[in-house]
Amino acid sequence: MSRRWDSNLRLNALYYKLLQYGKKKSATNDTAALKLITKIIAIVVRNNMEDFHAGGNLSDRQMAKLNPLIREGIFNAPFAIIHGDKDDYLKQYIGYHLQSIPNYWEDPELIAKLQAVCDKLQTANSAKREIRFKSEFLMEQYELGNIYPAYNGSIQLLGAFDFKGVDYDHRKKHKDKITYQLRKEGYFYSIYHDGYLNTK
């Protein structure tokens with residue numbers, strides 16, 4: 001396995017860990033994924049500012065002080081978002097910053113090359129795939145949109161809160177029933193695809 005591919009697998013696994021992080025009961029769980037994602041975002045922000053820095057608007061000394069502040073902010077925000085439903089202070093923290101967003105801020109945009117990738121993925125995702133499940137229940141969920149084919153070839157589930165045609169109190173049992181039926185038909189959950197792949 002190449003070093004680059006091994007690195008990608010490691011990053012995918014850590015990203016999955018970050019997605020699962022907020023589902024854990026304790027805020028003291030391993031934050032390696034969150035720290036790594038923070039550094040990636042921070043270096044993208046730093047590189048995005050390089051022309052501004054090189055143009056003489058910020059000195060090297062100012063950049064040296066600014067970089068850790070950027071990393072700290074990026075690290076704190078997702079931590080508060082992930083655990084916001086578990087602590088009143090975190091709810092207030094996120095609420096304060098949400099209300100502080102100026103109305104005149106433009107929406108962030110992808111750079112041209114990333115937008116091209118996004119368009120490509122959306123096109124692939126919207127292309128209708130012929131999917132047939134043996135289970136009438138799974139076919140019904142597919143028609144409702146509660147399960148759907150993703151661009152990476154996996155079958156994915158809507159979030160339980162977004163399930164269609166399901167009573168509020170039955171969302172967890174409904175999700176368990178879907179995953180059970182998927183496994184029964186030979187699907188397994190792949191952390192690298194964040195979805196279910198068919199072994200057959």
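Mentor: The protein exposes about 14,900 Å², and carbon and sulfur atoms supply 54% of that area (Shrake-Rupley method with a 1.4 Å probe; for residues, only the protein chains shown count as cover). This is a predicted model, in which local features need pLDDT of at least 70 and side-chain atom pairs count only at pLDDT 80 or more, while totals for chains, interfaces and linings use all residues. Residues are numbered from 1 along each chain as its sequence is written, and side-chain values use heavy atoms, with hydrogens and water left out.

The protein has eight helices and four strands (DSSP runs numbered from the N terminus: helices are H or I with at least four residues, strands are E with at least two). From the N terminus on, the order is α-α-α-α-α-α-α-β-β-α-β-β. Of the 200 residues, 27% are buried (under 20% relative accessible area; exposed is over 50%, partly exposed in between; 1.4 Å probe, protein chains only). Among contacts between residues at least 6 apart in sequence, 44% join residues at least 24 apart (contact means heavy atoms within 4.5 Å).

The part to look at is helix α8, residues 171-184. Lys-172 lies in this helix and counts as exposed because its relative accessibility is 56%. Its C-alpha atom is separated by 9.3 Å from that of Phe-161, 11 residues apart along the chain. The side chain of Lys-172 also meets that of Asp-176 in a salt bridge of 2.9 Å, N to O (a side-chain nitrogen of Lys or Arg within 4 Å of a carboxyl oxygen of Asp or Glu). Side chains of opposite charge can pair when their charged atoms come close. Both partners lie in α8, four residues apart, about one turn of the helix. Asp-176 has 35% relative accessibility, so this residue counts as partly exposed.

His-174 is also found in α8, and at 13% relative accessibility it therefore counts as buried. Not counting residues up to four places away in sequence, His-174 touches Phe-137, Gln-141, Asn-146, Phe-163 and Val-166. With Gln-141 the side chain of His-174 makes a polar contact of 2.8 Å (N or O atoms within 3.5 Å, one able to donate a hydrogen and the other to accept it; residues adjacent in sequence count only if both atoms are side-chain atoms).

Further along α8 is Thr-179, which counts as buried because its relative accessibility is 9%. Leaving aside neighbours within four places in sequence, Thr-179 is in contact with Leu-157 and Tyr-196. The C-alpha atoms of Thr-179 and Tyr-196 are separated by 8.8 Å, the two residues being 17 apart along the chain.

A search of the whole structure finds two salt bridges. Besides the pair Asp-176 and Lys-172, the side chains of Glu-50 and Arg-46 meet at 3.0 Å, N to O. Glu-50 is partly exposed, with a relative accessible area of 27%, and Arg-46 counts as partly exposed at 27%.
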